[in-house]
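Here is a short tour of one protein chain, written for someone who likes to look at the geometry while reading. Please keep the viewer open and follow along.

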Amino acid sequence: MVAAPEQVSAARPTLHQRRLSPWQLEFMGSVVLGDDQLHAIRGGVGSGKSSVLLVTADALCQTRPGASVVVGMDSFTRLQRVHLPLLQALRPDADWIASERCYRYANGSSMHLVHLDCPPGQTSPIEGHNAHAVMVDEAQALRPDVLDVAQTRARISVADMAGVVREPVVVTCGIPIE
């Protein structure tokens with residue numbers, strides 16, 4: 001089971017206070033405000049891929065009421081060591097539901113945290129999700145069939161806060177492996 005991120009009583013940082021780099025702001029804007037359904041980040045270790053993935057997932061949940069966003073990491077260990085500390089710092093304005101490993105937002109959106117390390121022959125942990133967005137971190141470490149499932153699980157269109165219907169979104173990120 002994924003432990004609950006610590007609840008922090010300090011005020012939630014604004015987007016400006018997060019000090020996102022120009023490329024991170026551009027990427028987040030392209031996912032949240034753009035019309036493309038497929039997005040990818042490729043960068044080195046420590047470049048901010050995981051951070052912008054989580055900030056973008058949070059932004060989707062905040063701006064698209066009722067959206068189900070699945071955030072996957074290649075392994076349970078990295079989910080605990082990378083995503084949970086980043087989420088603790090992000091402090092989503094949502095309730096943590098430990099039994100579901102997800103954040104529930106007041107607008108009906110949810111951010112589900114999953115690890116994708118499953119042995120060959122077993123179904124992916126995201127099988128069964130009907131999501132608006134599937135966001136996969138450390139994609140270079142996953143088997144192609146796991147990535148195929150991720151793409152098929154982003155299938156629900158939702159309206160944003162302006163009433164614009166947004167198509168499902170898939171985001172992958174990882175390090176170059178050429």
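## Surface and overall make-up

Accessible areas here come from the Shrake-Rupley method with a 1.4 Å probe. On that basis, the accessible surface of the chain comes to about 8,900 Å², and carbon and sulfur atoms account for 53% of that surface. Please bear in mind that this is a predicted model.

The chain has 178 residues, and 47% of them count as buried. Its secondary structure consists of 4 helices and 9 strands.

## How H1 meets H2

Two packed helices are described by the angle between their axes and the distance between the axes. For helix H1 (residues 22-33) and helix H2 (residues 49-63), the angle is about 35° and the axes are 10 Å apart. The crossing of H1 past H2 is right-handed.

Which residues make the contact between H1 and H2? From H1 come Trp23, Gln24, Phe27, Met28, Val31 and Val32. The H2 side supplies Lys49, Ser51, Val52, Val55, Thr56, Ala59, Leu60 and Thr63. Sorted by type, the residues of this contact are 9 nonpolar, 4 polar and 1 charged.

Leu33 also belongs to H1. Is Leu33 buried or exposed? Its relative accessible area is 63%, so Leu33 is exposed, the cut-off for that class being over 50%. The C-alpha atom of Leu33 is 9.5 Å from that of Leu60, a residue 27 places away along the chain.

## The buried face of H4

Now turn to helix H4 (residues 144-153), where Val146, Val149, Ala150 and Arg153 are buried. Why do these buried residues line one face of the helix? Looking down the axis of H4, you will find them within an arc of 105°, so they share one face. They pack against two strands, S6 (133-136) and S9 (169-174).

The loop between S6 and H4 holds Glu138. With a relative accessible area of 12%, Glu138 is buried, because buried means under 20%. Setting aside neighbours within four places in sequence, Glu138 is in contact with Met73, Asp74, Arg78, Cys173 and Gly174.

Ser68 sits in strand S2 (residues 68-73). At a relative accessibility of 15%, Ser68 counts as buried. What does Ser68 touch, not counting residues up to four places away in sequence? The residues it touches are Ser110, His112, Asn130, Ala131, His132 and Ala133.

Arg101 is worth a look if you enjoy backbone torsions. You can find Arg101 in the loop between strand S3 (94-97) and strand S4 (102-105). Its phi is near 50°, a positive value in a residue other than glycine. As for accessibility, Arg101 has a relative accessible area of 26% and is therefore partly exposed, a class that lies between the buried limit of under 20% and the exposed limit of over 50%.

Note on methods. Residues are numbered from 1 along each chain as its sequence is written. This is a predicted model: local features need pLDDT of at least 70, side-chain atom pairs count only at pLDDT 80 or more; totals for chains, interfaces and linings use all residues. Side-chain values use heavy atoms; hydrogens and water are left out. Axes are lines fitted to C-alpha atoms, for helices over the stretch in contact, and angles run from 0 to 180 degrees between N-to-C directions. A crossing is left-handed if the near helix is turned anticlockwise from the far one by less than a right angle, and right-handed if clockwise. Contact means heavy atoms within 4.5 Å. Ala, Val, Leu, Ile, Met, Phe, Trp, Tyr, Cys and Pro count as nonpolar, Asp, Glu, Lys and Arg as charged, and the others, Gly among them, as polar. Buried means under 20% relative accessible area, exposed over 50%, partly exposed in between (1.4 Å probe, protein chains only). The arc is that of the directions from the helix axis to the C-beta atoms.
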